[in-house]
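Colleague: I have a model to go through with you. Shall we take it piece by piece?

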Amino acid sequence: MSSFKKRIRETHPEDLTGPQMLAARCLAAGIALTAILAGPPSKAAESPEPNRAGAKTQSTFCHAEVIERLRGNVAGHPRAAAVAKEVRAAAQPWLDMSDADLWSLMFGAGIPRSWMVWSNGHCPSCNQNVLMYAWKIDAMNRPYKLMCPHCEELFPKNDFHAFYHSGLDKHGVFQHALADRSLLYNEAHPDLHDPLHQFGVDDGEGYRDGEKTWWFIGTYLIYGQWKQLVLGGIRNLSAAYVATGDSAYAHRAGVLLDRVADLYTTFNFKDQGVMYEGPAHAGYVSTWHDACEETRELALAYDQVRDALQKDKELSVFLSKKAKQFEIDTPKNSPE
Ligand SMILES: [Zn+2]
(Lines give C-alpha, C1' and ligand atoms only; values in the text may rest on other atoms or scores of the structure.)
Protein backbone atom coordinates (compact mmCIF):
# COMPACT_ATOMS: atom_id res chain seq x y z
CA MET A 1 0.00 0.00 0.00
CA SER A 2 1.36 3.44 -0.90
CA SER A 3 2.10 5.81 1.94
CA PHE A 4 -0.64 8.12 0.65
CA LYS A 5 -3.26 5.38 0.71
CA LYS A 6 -2.03 4.23 4.11
CA ARG A 7 -2.29 7.76 5.45
CA ILE A 8 -5.80 8.18 4.11
CA ARG A 9 -6.93 4.83 5.56
CA GLU A 10 -5.52 5.60 8.96
CA THR A 11 -6.86 9.14 9.13
CA HIS A 12 -9.87 9.99 11.23
CA PRO A 13 -11.52 13.44 11.00
CA GLU A 14 -10.62 14.30 14.60
CA ASP A 15 -6.94 13.59 13.91
CA LEU A 16 -6.63 16.10 11.09
CA THR A 17 -4.10 18.88 11.51
CA GLY A 18 -4.45 22.28 9.84
CA PRO A 19 -2.49 21.31 6.71
CA GLN A 20 -4.46 18.07 6.41
CA MET A 21 -7.71 20.00 6.60
CA LEU A 22 -6.38 22.28 3.88
CA ALA A 23 -5.52 19.24 1.79
CA ALA A 24 -9.06 17.98 2.32
CA ARG A 25 -10.42 21.27 1.07
CA CYS A 26 -8.09 21.35 -1.92
CA LEU A 27 -9.09 17.83 -2.85
CA ALA A 28 -12.73 18.44 -2.06
CA ALA A 29 -14.00 16.88 -5.25
CA GLY A 30 -11.86 13.79 -5.06
CA ILE A 31 -11.48 10.54 -3.33
CA ALA A 32 -9.38 12.20 -0.64
CA LEU A 33 -12.41 14.12 0.59
CA THR A 34 -14.47 10.98 0.67
CA ALA A 35 -11.76 9.03 2.44
CA ILE A 36 -10.92 11.72 4.96
CA LEU A 37 -14.50 12.48 5.89
CA ALA A 38 -15.45 8.82 5.96
CA GLY A 39 -12.43 7.53 7.85
CA PRO A 40 -11.01 4.01 7.31
CA PRO A 41 -13.20 1.60 5.31
CA SER A 42 -14.19 -1.82 6.52
CA LYS A 43 -13.31 -4.93 4.45
CA ALA A 44 -16.90 -5.19 3.27
CA ALA A 45 -16.82 -1.66 1.89
CA GLU A 46 -13.69 -2.04 -0.19
CA SER A 47 -15.28 -2.65 -3.58
CA PRO A 48 -18.79 -2.93 -4.97
CA GLU A 49 -19.84 -6.15 -6.62
CA PRO A 50 -19.89 -5.93 -10.42
CA ASN A 51 -22.87 -7.47 -12.18
CA ARG A 52 -22.45 -10.57 -14.28
CA ALA A 53 -21.66 -8.62 -17.44
CA GLY A 54 -19.03 -6.60 -15.59
CA ALA A 55 -21.01 -3.37 -16.01
CA LYS A 56 -20.89 -0.62 -13.44
CA THR A 57 -23.87 -1.07 -11.10
CA GLN A 58 -23.05 1.40 -8.35
CA SER A 59 -20.55 4.04 -7.40
CA THR A 60 -17.01 2.66 -7.24
CA PHE A 61 -15.59 5.03 -4.64
CA CYS A 62 -18.73 6.38 -2.98
CA HIS A 63 -20.83 3.33 -2.32
CA ALA A 64 -23.39 3.14 0.44
CA GLU A 65 -21.29 2.18 3.43
CA VAL A 66 -18.64 4.82 2.76
CA ILE A 67 -21.29 7.49 2.27
CA GLU A 68 -23.11 6.47 5.45
CA ARG A 69 -19.94 6.74 7.49
CA LEU A 70 -18.95 10.00 5.82
CA ARG A 71 -22.27 11.67 6.57
CA GLY A 72 -22.17 10.28 10.09
CA ASN A 73 -18.80 11.94 10.57
CA VAL A 74 -20.13 15.22 9.18
CA ALA A 75 -23.02 14.99 11.65
CA GLY A 76 -20.87 13.99 14.61
CA HIS A 77 -17.49 15.69 14.24
CA PRO A 78 -17.16 19.48 14.20
CA ARG A 79 -14.06 19.51 12.01
CA ALA A 80 -15.64 17.24 9.39
CA ALA A 81 -18.77 19.43 9.56
CA ALA A 82 -16.61 22.51 8.92
CA VAL A 83 -15.13 20.93 5.77
CA ALA A 84 -18.62 19.99 4.60
CA LYS A 85 -19.79 23.57 5.16
CA GLU A 86 -16.96 24.87 2.97
CA VAL A 87 -17.79 22.31 0.28
CA ARG A 88 -21.43 23.47 0.29
CA ALA A 89 -20.40 27.13 0.10
CA ALA A 90 -18.11 26.39 -2.86
CA ALA A 91 -21.04 24.80 -4.75
CA GLN A 92 -23.55 27.57 -3.97
CA PRO A 93 -23.01 29.70 -7.13
CA TRP A 94 -23.95 26.71 -9.32
CA LEU A 95 -26.81 25.71 -7.01
CA ASP A 96 -28.27 29.17 -7.66
CA MET A 97 -28.27 28.68 -11.46
CA SER A 98 -31.15 27.33 -13.52
CA ASP A 99 -30.74 24.05 -15.40
CA ALA A 100 -30.85 25.97 -18.69
CA ASP A 101 -28.08 28.34 -17.60
CA LEU A 102 -25.92 25.45 -16.40
CA TRP A 103 -26.45 23.58 -19.66
CA SER A 104 -25.38 26.66 -21.64
CA LEU A 105 -22.06 27.00 -19.80
CA MET A 106 -20.43 24.29 -21.90
CA PHE A 107 -19.20 25.41 -25.30
CA GLY A 108 -18.21 23.64 -28.50
CA ALA A 109 -14.81 23.16 -30.08
CA GLY A 110 -15.26 25.68 -32.92
CA ILE A 111 -13.35 28.53 -31.29
CA PRO A 112 -9.55 28.12 -31.03
CA ARG A 113 -8.20 27.76 -27.49
CA SER A 114 -4.86 29.15 -26.42
CA TRP A 115 -2.71 28.22 -23.45
CA MET A 116 -1.85 31.88 -22.89
CA VAL A 117 -2.87 35.30 -24.20
CA TRP A 118 0.68 36.03 -25.39
CA SER A 119 3.50 34.25 -23.62
CA ASN A 120 5.94 37.17 -23.79
CA GLY A 121 3.36 39.90 -24.31
CA HIS A 122 2.09 43.12 -22.82
CA CYS A 123 -1.16 44.92 -22.12
CA PRO A 124 -2.59 46.80 -25.12
CA SER A 125 -3.69 49.63 -22.79
CA CYS A 126 -0.80 50.30 -20.39
CA ASN A 127 1.93 48.52 -22.40
CA GLN A 128 3.35 46.91 -19.26
CA ASN A 129 4.50 43.29 -19.50
CA VAL A 130 1.78 40.71 -18.90
CA LEU A 131 3.60 37.42 -19.34
CA MET A 132 2.41 33.83 -19.50
CA TYR A 133 -0.51 33.33 -17.12
CA ALA A 134 -0.63 36.79 -15.52
CA TRP A 135 -3.93 37.97 -17.01
CA LYS A 136 -6.61 37.75 -14.31
CA ILE A 137 -9.73 35.70 -15.01
CA ASP A 138 -12.81 35.51 -12.79
CA ALA A 139 -15.43 33.93 -15.02
CA MET A 140 -18.23 33.90 -12.43
CA ASN A 141 -17.98 37.67 -11.87
CA ARG A 142 -16.43 38.87 -15.14
CA PRO A 143 -17.67 36.53 -17.88
CA TYR A 144 -15.71 36.62 -21.15
CA LYS A 145 -13.24 39.19 -19.81
CA LEU A 146 -9.57 39.13 -18.79
CA MET A 147 -8.10 41.82 -16.56
CA CYS A 148 -4.66 43.41 -16.85
CA PRO A 149 -2.89 42.90 -13.50
CA HIS A 150 -1.37 46.42 -13.76
CA CYS A 151 -3.99 48.87 -15.08
CA GLU A 152 -7.01 46.58 -14.49
CA GLU A 153 -8.40 47.25 -17.97
CA LEU A 154 -10.69 44.49 -19.18
CA PHE A 155 -10.27 42.73 -22.53
CA PRO A 156 -11.69 41.97 -25.00
CA LYS A 157 -13.52 45.25 -25.42
CA ASN A 158 -16.44 43.76 -27.36
CA ASP A 159 -19.43 41.92 -25.91
CA PHE A 160 -18.16 38.47 -26.84
CA HIS A 161 -21.06 36.70 -25.18
CA ALA A 162 -23.54 38.44 -27.51
CA PHE A 163 -21.38 37.53 -30.52
CA TYR A 164 -21.05 33.93 -29.30
CA HIS A 165 -24.79 33.64 -28.77
CA SER A 166 -25.49 34.97 -32.27
CA GLY A 167 -23.38 32.16 -33.75
CA LEU A 168 -25.00 29.13 -32.11
CA ASP A 169 -26.22 26.53 -34.61
CA LYS A 170 -29.16 24.13 -34.31
CA HIS A 171 -27.07 21.91 -32.01
CA GLY A 172 -26.24 24.82 -29.68
CA VAL A 173 -22.64 24.95 -30.92
CA PHE A 174 -20.89 28.13 -32.09
CA GLN A 175 -20.15 28.46 -35.80
CA HIS A 176 -18.18 31.49 -36.98
CA ALA A 177 -20.10 31.63 -40.26
CA LEU A 178 -23.42 32.12 -38.42
CA ALA A 179 -22.26 34.81 -35.97
CA ASP A 180 -23.31 38.45 -36.32
CA ARG A 181 -20.10 40.37 -37.03
CA SER A 182 -21.87 43.71 -36.57
CA LEU A 183 -21.51 42.94 -32.83
CA LEU A 184 -17.72 43.12 -33.08
CA TYR A 185 -16.86 46.60 -31.83
CA ASN A 186 -15.43 48.24 -28.73
CA GLU A 187 -18.47 48.79 -26.50
CA ALA A 188 -16.98 51.97 -25.05
CA HIS A 189 -16.49 53.39 -28.57
CA PRO A 190 -19.57 52.44 -30.62
CA ASP A 191 -19.14 55.20 -33.21
CA LEU A 192 -17.83 53.69 -36.47
CA HIS A 193 -15.55 56.69 -37.00
CA ASP A 194 -14.05 56.54 -33.51
CA PRO A 195 -10.37 55.52 -33.85
CA LEU A 196 -10.85 53.11 -30.92
CA HIS A 197 -13.93 51.43 -32.46
CA GLN A 198 -11.96 48.22 -33.14
CA PHE A 199 -9.46 48.53 -30.28
CA GLY A 200 -9.31 45.36 -28.14
CA VAL A 201 -11.92 43.49 -30.21
CA ASP A 202 -11.62 39.68 -30.31
CA ASP A 203 -13.92 37.57 -32.51
CA GLY A 204 -12.50 34.33 -31.04
CA GLU A 205 -9.46 34.33 -33.33
CA GLY A 206 -7.58 36.79 -31.13
CA TYR A 207 -7.30 40.58 -31.02
CA ARG A 208 -4.84 41.50 -33.73
CA ASP A 209 -2.90 44.71 -34.18
CA GLY A 210 -0.39 44.48 -37.01
CA GLU A 211 1.94 41.59 -36.20
CA LYS A 212 0.69 41.30 -32.64
CA THR A 213 -2.00 38.85 -31.50
CA TRP A 214 -3.60 38.69 -28.08
CA TRP A 215 -5.50 35.40 -27.62
CA PHE A 216 -8.00 36.80 -25.13
CA ILE A 217 -11.04 34.62 -25.81
CA GLY A 218 -8.99 31.51 -26.61
CA THR A 219 -7.33 31.80 -23.20
CA TYR A 220 -10.53 32.73 -21.38
CA LEU A 221 -12.28 29.63 -22.73
CA ILE A 222 -9.71 27.35 -21.07
CA TYR A 223 -9.06 29.08 -17.75
CA GLY A 224 -12.43 30.77 -17.30
CA GLN A 225 -15.34 29.07 -19.01
CA TRP A 226 -13.91 25.53 -18.86
CA LYS A 227 -11.75 25.28 -15.74
CA GLN A 228 -13.68 27.69 -13.52
CA LEU A 229 -17.31 27.45 -14.64
CA VAL A 230 -17.79 24.01 -16.20
CA LEU A 231 -15.17 21.82 -14.52
CA GLY A 232 -15.27 23.84 -11.29
CA GLY A 233 -19.05 23.47 -11.20
CA ILE A 234 -18.91 19.72 -11.73
CA ARG A 235 -16.20 19.32 -9.08
CA ASN A 236 -17.89 21.48 -6.45
CA LEU A 237 -21.41 20.18 -7.02
CA SER A 238 -20.41 16.52 -6.92
CA ALA A 239 -18.37 17.10 -3.75
CA ALA A 240 -21.33 18.87 -2.13
CA TYR A 241 -23.56 15.94 -2.98
CA VAL A 242 -21.14 13.49 -1.39
CA ALA A 243 -20.93 15.61 1.74
CA THR A 244 -24.68 16.28 2.12
CA GLY A 245 -26.72 13.74 0.18
CA ASP A 246 -28.81 16.61 -1.19
CA SER A 247 -29.83 15.49 -4.67
CA ALA A 248 -30.12 19.13 -5.85
CA TYR A 249 -26.30 19.18 -6.09
CA ALA A 250 -26.17 15.88 -7.99
CA HIS A 251 -28.91 17.06 -10.37
CA ARG A 252 -26.94 20.16 -11.33
CA ALA A 253 -23.71 18.20 -11.69
CA GLY A 254 -25.66 15.85 -13.95
CA VAL A 255 -26.78 18.72 -16.21
CA LEU A 256 -23.17 19.85 -16.64
CA LEU A 257 -21.74 16.35 -17.04
CA ASP A 258 -24.31 15.48 -19.66
CA ARG A 259 -23.55 18.57 -21.76
CA VAL A 260 -19.81 17.93 -21.44
CA ALA A 261 -20.46 14.35 -22.61
CA ASP A 262 -22.28 15.71 -25.69
CA LEU A 263 -19.27 17.73 -26.75
CA TYR A 264 -16.10 16.37 -25.13
CA THR A 265 -15.16 14.02 -27.97
CA THR A 266 -15.25 16.92 -30.46
CA PHE A 267 -12.32 18.56 -28.63
CA ASN A 268 -8.80 17.93 -29.92
CA PHE A 269 -6.22 20.37 -28.59
CA LYS A 270 -3.67 19.25 -31.18
CA ASP A 271 -5.76 20.60 -34.05
CA GLN A 272 -7.68 23.34 -32.21
CA GLY A 273 -5.19 24.66 -29.67
CA VAL A 274 -2.48 27.34 -29.65
CA MET A 275 0.59 26.73 -27.48
CA TYR A 276 3.22 29.46 -27.04
CA GLU A 277 1.85 31.18 -30.18
CA GLY A 278 2.47 27.97 -32.13
CA PRO A 279 1.03 24.51 -32.73
CA ALA A 280 -0.16 22.30 -29.89
CA HIS A 281 0.56 18.60 -29.33
CA ALA A 282 -2.40 16.78 -27.79
CA GLY A 283 -5.29 17.11 -25.37
CA TYR A 284 -8.99 17.83 -25.27
CA VAL A 285 -10.27 21.22 -24.08
CA SER A 286 -6.86 21.80 -22.43
CA THR A 287 -3.39 20.72 -23.43
CA TRP A 288 -2.50 17.10 -22.68
CA HIS A 289 -1.14 17.31 -19.12
CA ASP A 290 -4.15 19.22 -17.82
CA ALA A 291 -6.58 17.24 -19.98
CA CYS A 292 -5.45 14.00 -18.29
CA GLU A 293 -6.31 15.32 -14.84
CA GLU A 294 -9.52 16.99 -16.03
CA THR A 295 -10.75 13.74 -17.58
CA ARG A 296 -9.98 11.90 -14.34
CA GLU A 297 -11.95 14.53 -12.39
CA LEU A 298 -14.94 14.18 -14.74
CA ALA A 299 -14.97 10.40 -14.26
CA LEU A 300 -14.65 10.74 -10.50
CA ALA A 301 -17.42 13.35 -10.33
CA TYR A 302 -19.73 11.08 -12.29
CA ASP A 303 -18.92 8.25 -9.91
CA GLN A 304 -19.84 10.48 -6.99
CA VAL A 305 -23.29 11.45 -8.32
CA ARG A 306 -24.32 8.47 -10.48
CA ASP A 307 -26.50 6.81 -7.85
CA ALA A 308 -28.53 10.02 -7.45
CA LEU A 309 -28.78 10.52 -11.22
CA GLN A 310 -30.31 7.05 -11.61
CA LYS A 311 -33.31 8.24 -9.56
CA ASP A 312 -33.54 11.76 -11.04
CA LYS A 313 -36.58 11.69 -13.35
CA GLU A 314 -36.62 15.48 -13.56
CA LEU A 315 -33.11 15.36 -15.04
CA SER A 316 -34.22 12.91 -17.75
CA VAL A 317 -37.16 15.16 -18.61
CA PHE A 318 -34.91 18.23 -18.89
CA LEU A 319 -32.19 16.50 -20.90
CA SER A 320 -34.61 14.77 -23.28
CA LYS A 321 -36.22 18.16 -23.99
CA LYS A 322 -32.78 19.62 -24.74
CA ALA A 323 -31.96 16.61 -26.94
CA LYS A 324 -35.11 17.24 -29.01
CA GLN A 325 -34.61 21.00 -29.15
CA PHE A 326 -30.97 20.75 -30.27
CA GLU A 327 -31.28 17.58 -32.36
CA ILE A 328 -28.87 15.57 -30.24
CA ASP A 329 -28.63 11.92 -31.32
CA THR A 330 -29.03 10.39 -27.84
CA PRO A 331 -32.70 10.79 -26.79
CA LYS A 332 -31.86 10.80 -23.06
CA ASN A 333 -35.35 9.72 -22.13
CA SER A 334 -34.22 7.50 -19.27
CA PRO A 335 -31.58 7.80 -16.53
CA GLU A 336 -29.63 4.88 -18.07
ZN1 LIG B 1 -2.68 47.20 -18.50
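Colleague: What spacing do the donors of the zinc ion follow along the chain?

Modeller: First, this is a predicted model: local features need pLDDT of at least 70, side-chain atom pairs count only at pLDDT 80 or more, and totals for chains, interfaces and linings use all residues. Residues are numbered from 1 along each chain as its sequence is written, and side-chain values use heavy atoms, without hydrogens and water. Donors are N, O and S atoms within 2.8 Å of the metal (3.2 Å for Na, K and Ca); water is not among the atoms, so sites may look incomplete. Here the protein donors are the SG atoms of C123, C126, C148 and C151, and their spacing is C-x2-C-x21-C-x2-C.

Colleague: Is C126 buried, partly exposed or exposed?

Modeller: Buried means under 20% relative accessible area, exposed over 50%, partly exposed in between (1.4 Å probe, protein chains only). C123 is at 0%, so C123 is buried. C126 is at 25%, so C126 counts as partly exposed.

Colleague: What span should helix 5 have?

Modeller: Helices are DSSP runs of H or I with at least four residues, numbered from the N terminus. The expected span is 1.5 Å times one less than the number of residues. Helix 5 covers residues 78-95, and its end C-alpha atoms are 24 Å apart.

How values were computed:
Helices (H or I, at least four residues) and strands (E, at least two) are DSSP runs, numbered from the N terminus.
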